[in-house]
Amino acid sequence: RDSAAAIAAEADKQLESKNSINDNDEEDSLSLSLKDYDEEAKRRMMIIRNAQASVESELRALCQDVISLVEENLIPNSSFEDAKVFYLNMKGDCYRYMSECGSSPSLHLEQQQDEVNNDDTEGNESKDLNDNSSSSSSLRLALEAYNTAHNLATHEMVPTHPERLASARKLCVFHEKYLGDQTQASIVASKAIEDATTALLEEENTTTEGNNNNNNSMQNSASKKTRRYLQRLNQYCSTTSATTTTTTTSAA
């Protein structure tokens, strides 16, 4: 009996030792798997960051080429004000694209998390354009180009001109989406709608039956384009007002 008990005890001891070795092997295998996964994740993130940096560098170079072309050739050689407004807005677009370069995906996630954590703030906070970052510098230059285009369109074009309305829409969208200034965006959109609507009513009242069919056709075509821009501006202005009202109500 003693011999059988000793044999059984020895067998249990060997089995326990074997299980312990197997557990250690499994832990080592899991540790190696996690380490390999972590290394692979770092390698892929490095590839993504390098590709992002390459694309952003190329985009900045292309935008700078377009800006130089606009400033040195297109605007100085333009004979029509609507063309100058178009090119100025193009310049603003390029600076806006450049302002979006240099932000990593993790930064966007952190910004989104900050917005979630700051539910008690009233709307989007205006971005600081006075710091020395390249993004803020590009935003300042974009705003300057959009403002120049909008001022030129306001002084040189009739309120119903499609390019003037397009310029107003670009400016108000820039204020709301990039600067977080919903109030100024709403002011720009509302002013453009008010001026264009007044001008349209005056044009309709002064239209006579003596106009030939060709002139009527041209006026109808221009009127359709103008009303299409007005509809877009009006939808945007309504959305901005609704967002502001909702935010204010939530804060209250």
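This is a predicted model: local features need pLDDT of at least 70, side-chain atom pairs count only at pLDDT 80 or more; totals for chains, interfaces and linings use all residues.
Let's start with a cysteine. The sulfur of C94 sits 4.5 Å from the closest cysteine sulfur, the one in C63, and that is too far for a bond. The cut-off for a disulfide is 2.5 Å between the sulfur atoms. C101 is in no disulfide either; its nearest cysteine sulfur, again that of C63, is 6.7 Å away. How many disulfides does a search of the whole structure find? The count is 0.

Now the overall fold. The chain has 7 helices and 0 strands. The chain has 252 residues, and 26% of them count as buried.

Next, salt bridges. The structure holds 6. Take K170 and D93. Their side chains meet at 2.9 Å, N to O. This pair ties together distant parts of the chain: K170 is in helix α5, D93 is in helix α2, residues 81–99, and 77 residues separate them. Is D93 buried or exposed? D93 is buried, with a relative accessible area of 11%. K170 is partly exposed, at 30%. There is a third partner here. R96 joins D93 and K170 in a network of salt bridges.

R164 and D195 form a salt bridge at 3.5 Å, N to O. D195 belongs to helix α6, residues 182–206, and R164 to helix α5; they are 31 residues apart. R164 is buried, at 10% relative accessible area.

K177 counts as exposed, at 57% relative accessibility. E176 is buried, at 10%.

One more residue in helix α5, which covers residues 162–177: L171. L171 is buried, at 2% relative accessibility. Q184 is 13 residues from L171 in sequence, and their C-alpha atoms are 9.4 Å apart.

Last, the surface. Which residues form the positive patch? They are R169, K225, R228 and R232. Helix α7, residues 213–251, gives the most to the patch, with 3 residues. R228 is found in that helix, α7. Why can R228 qualify on accessibility? A patch residue needs over 30% relative accessible area, and R228 is partly exposed, at 40%.

To recap: 0 disulfides, 6 salt bridges, and a positive patch to which helix α7 gives the most.

Terms used: Residues are numbered from 1 along each chain as its sequence is written. Side-chain values use heavy atoms; hydrogens and water are left out. Patches are made of residues with over 30% relative accessible area and no salt bridge: like charges are joined within 9 Å, nonpolar side chains (Val, Leu, Ile, Met, Phe, Trp, Tyr) within 5 Å. Accessible areas come from the Shrake-Rupley method with a 1.4 Å probe; for residues, only the protein chains shown count as cover. A salt bridge is a side-chain nitrogen of Lys or Arg within 4 Å of a carboxyl oxygen of Asp or Glu. Lys and Arg count as positive and Asp and Glu as negative; His and the chain ends are not counted. The place of a charge is taken as NZ of Lys, CZ of Arg, CG of Asp or CD of Glu. Helices (H or I, at least four residues) and strands (E, at least two) are DSSP runs, numbered from the N terminus. Buried means under 20% relative accessible area, exposed over 50%, partly exposed in between (1.4 Å probe, protein chains only).
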